[in-house]
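Student: Hi! Could you walk me through this one? I'd like to start with the backbone.
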Amino acid sequence: MNAQAPTPAQFGQAAEAANVRARVKDLKFWYGKFQALHDISMEIRNQRVTAIIGPSGCGKSTLLRCFNRIHDLYPGVRYEGAIELEPDKLNLVSRSVDPILVRLLVGMVFQKPNPFPKSIYENVAAGLYVRGIRNKGEIDGRVEHALQQAALWNEVKDRLNKSALELSGGQQQRLCIARALAPEPKLLLLDEPTSALDPIATAKIEELIDGLVEDVTVLIVTHNMAQAARISHHTAFMHLGKLIEFGETQQVFTNPRVPQTQDYITGRFG
């Protein structure tokens, strides 16, 4: 007997599932006895930019850093719930999952550029060494590709053995993005990546992010609502450790469903 053909609705459900890179499910997080995140649930769409906005201290950077378990570097932290990376449904915050594996799957770029005090080449290759890659030809190719992805190759290809600390601030931040991209992560986290940069360098980073979604899913924390509106496809608004609203960016900014979102966007608080 032939299997019954999928219905159009089932096709739609399959397409919807394939379009999700990560699912946050009832996520809670504690620093010691202080609960910083409360029951966060949201979907991170594949090959899209998702922005997290909210006032200072609302938990947006705390949420972002749960995705790569950077909190594990400090004592007394605790997670409940799940962040499932698709399609394998790997729970990134499970105690049974090695944080080193998580950080290879989820790249991170911080607010201020933090290149290693090594050459440009060694900075980008660092994650490849951690992955156990030793073939010089493969490393060379992946370093070049990551620098091209970060729109930095043409500026540094003739000085790869020079110190990364000789680069400008904007170049250093693009180098950090290249370093995060080289191990081919499933998800790239950006924690206010342009807040320490001038407008020209900021524009370059924003243009870069727009092109990166062809290769990687991007989750960005930004205090700049205009930036979130410019570069993201979906936006999450947080307040006091809670997810207040999540949706397509245009909807969140032009027709928010929650009055608190409207108040924040219009500057009534925050």
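Tutor: Happy to. Helices (H or I, at least four residues) and strands (E, at least two) are DSSP runs, numbered from the N terminus. This is a predicted model, where local features need pLDDT of at least 70, side-chain atom pairs count only at pLDDT 80 or more, and totals for chains, interfaces and linings use all residues. Residues are numbered from 1 along each chain as its sequence is written, and side-chain values use heavy atoms, with hydrogens and water left out.

Student: Thanks! Where is Asp 39?
Tutor: Asp 39 sits in strand 2, which covers residues 34-45. Its phi is positive, near 50°, though the residue is not a glycine.

Student: Is Leu 240 buried or exposed?
Tutor: Exposed, with a relative accessible area of 61%. The cut-offs are under 20% for buried, over 50% for exposed and partly exposed in between, using a 1.4 Å probe and protein chains only. Asp 39 is partly exposed, at 45%.

Student: New topic: where does Glu 86 lie?
Tutor: In the loop between strand 4 (77-85) and strand 5 (90-91). Pro 87 is in that loop too, and the peptide bond from Glu 86 to Pro 87 is cis, with omega near 5°.

Student: Is Glu 86 buried or exposed?
Tutor: Glu 86 is buried, because its relative accessible area is 8%.

Student: Which side chains make polar contacts with Glu 86?
Tutor: The side chain of Arg 23 does, at 2.7 Å, and so does that of Lys 89, at 3.2 Å. A polar contact is a pair of N or O atoms within 3.5 Å; within protein, one must be able to donate a hydrogen and the other to accept it, and residues adjacent in sequence count only if both atoms are side-chain atoms.

Student: What else does Glu 86 touch?
Tutor: Leaving out residues up to four places away in sequence, Glu 86 touches Val 20, Arg 21, Ala 22 and Arg 23. Contact here means heavy atoms within 4.5 Å.

Student: Zooming out, how many helices and strands are there?
Tutor: The protein chain has eleven helices and ten strands. Of its 270 residues, 51% count as buried.
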